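Trainee: Could you walk me through reading a structure like this one, feature by feature?
Mentor: Gladly, let's take a look together.

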Amino acid sequence: MDPAGLRFCPRCGAGGYGYHDGKFWRCDSCGFRHYHNVAASASVIVEIGGRVLTVVRGKDPGKGLLSLPGGFIDPDERAEDAAVRECREEAGVDVTDLSFVGSWPNDYEYGSVLYKTCDLYFSARAAYVPRLEAHRPEAHGSGEVAGIELIDPEDIESAPIAFESARRALLAWRLRARGH
Ligand SMILES: [Zn+2]
């Protein structure tokens, strides 16, 4: 299925711009190909006072649900740097000592386009934590973040988490923390 509903070649304008193999569009007229590559994101699992830092999503997908501080990796950016940057932007928390937890695939629908993502998760240590109740994340300005919530690691299964990739990462992280 075409993830964006494209009908015309953006290079030559001909019809017959089809989606193939779940990966790319190809124009039957001029041969132009455009790959709909997997988008990589980086997120952070950080404990503050024994609870996990999450952000309340201010926009769809998953508006009103929880996600881990994180976001898409910019071109030419390291995943580790993206994780640190996003955590600062979304939650105002500076993290250090990143450790890779794992990666899980996810579907992310935005602007009527279905993106396939590869979500990378890191655990980290909080180097600086603002007074969270008073914090106004930079992302508040764009409406991306509606608030901050700390969840108990025992509630990972039942918490209103937007993306299953985050829930799976949290479960893997908790298992590792328990020494299994
Ligand atoms: Zn074409």
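Trainee: Is tryptophan 25 buried or exposed?

Mentor: Before that, a word on the model: it is predicted, so local features need pLDDT of at least 70 and side-chain atom pairs count only at pLDDT 80 or more, while totals for chains, interfaces and linings use all residues. Residues are numbered from 1 along each chain as its sequence is written, and side-chain values use heavy atoms, with hydrogens and water left out. Now the general idea: buried means under 20% relative accessible area, exposed means over 50%, and partly exposed is in between (1.4 Å probe, protein chains only). Tryptophan 25 has a relative accessible area of 3%, so this residue is buried.

Trainee: Which aromatic pair does tryptophan 25 form with tyrosine 17: stacked or edge-to-face?

Mentor: Rings of Phe, Tyr and Trp (its six-membered ring) pair if their centres lie within 6.5 Å; planes under 30 degrees apart are stacked, over 60 edge-to-face, and the rest tilted. The structure holds eight aromatic pairs. In one of them, tyrosine 17 and tryptophan 25 are stacked, at 6.4 Å centre to centre with 10 degrees between the planes. Tyrosine 17 is buried too, at 5%. Ring pairs also join Tyr17, Tyr19, Trp25 and Phe32 into a cluster.

Trainee: How are the rings of phenylalanine 24 and tyrosine 35 arranged?

Mentor: Their planes are at 45 degrees and their centres 5.1 Å apart, so this pair is tilted. Phenylalanine 24 belongs to strand E2 and tyrosine 35 to strand E3, so to speak of the chain, eleven residues apart. Strands (E, at least two residues) and helices (H or I, at least four) are DSSP runs, numbered from the N terminus. Phenylalanine 24 is buried at 6%, whereas tyrosine 35 is partly exposed at 41%.

Trainee: Which residues are the protein donors of the zinc ion?

Mentor: Donors are N, O and S atoms within 2.8 Å of the metal (3.2 Å for Na, K and Ca); water is not among the atoms, so sites may look incomplete. Here the protein donors are the SG atoms of Cys9, Cys12, Cys27 and Cys30, lying 2.3 to 2.4 Å from the zinc ion. Their spacing in sequence is C-x2-C-x14-C-x2-C. Cysteine 9 sits in the segment before strand E1 (17-20) and cysteine 30 in the loop between strand E2 (24-27) and strand E3 (33-35), so the pair ties together parts 21 residues apart in sequence. Cysteine 9 is buried at 4%, and cysteine 30 is partly exposed at 40%.

Trainee: How many disulfides are there?

Mentor: A disulfide is a pair of cysteine sulfur atoms within 2.5 Å. A search of the whole structure finds zero. For cysteine 118, the nearest cysteine sulfur, that of cysteine 87, is 19 Å away.

Trainee: In which sense do strand E8 and strand E9 pair?

Mentor: Two strands pair if DSSP finds at least two bridges between them. Strand E8 (residues 94-110) and strand E9 (residues 113-128) pair in the antiparallel sense, over 14 bridges. Aspartate 94 stands opposite tyrosine 128 in E9. The two strands form a hairpin with two residues between them, and glycine 111 in the turn has a positive phi of about 60 degrees.
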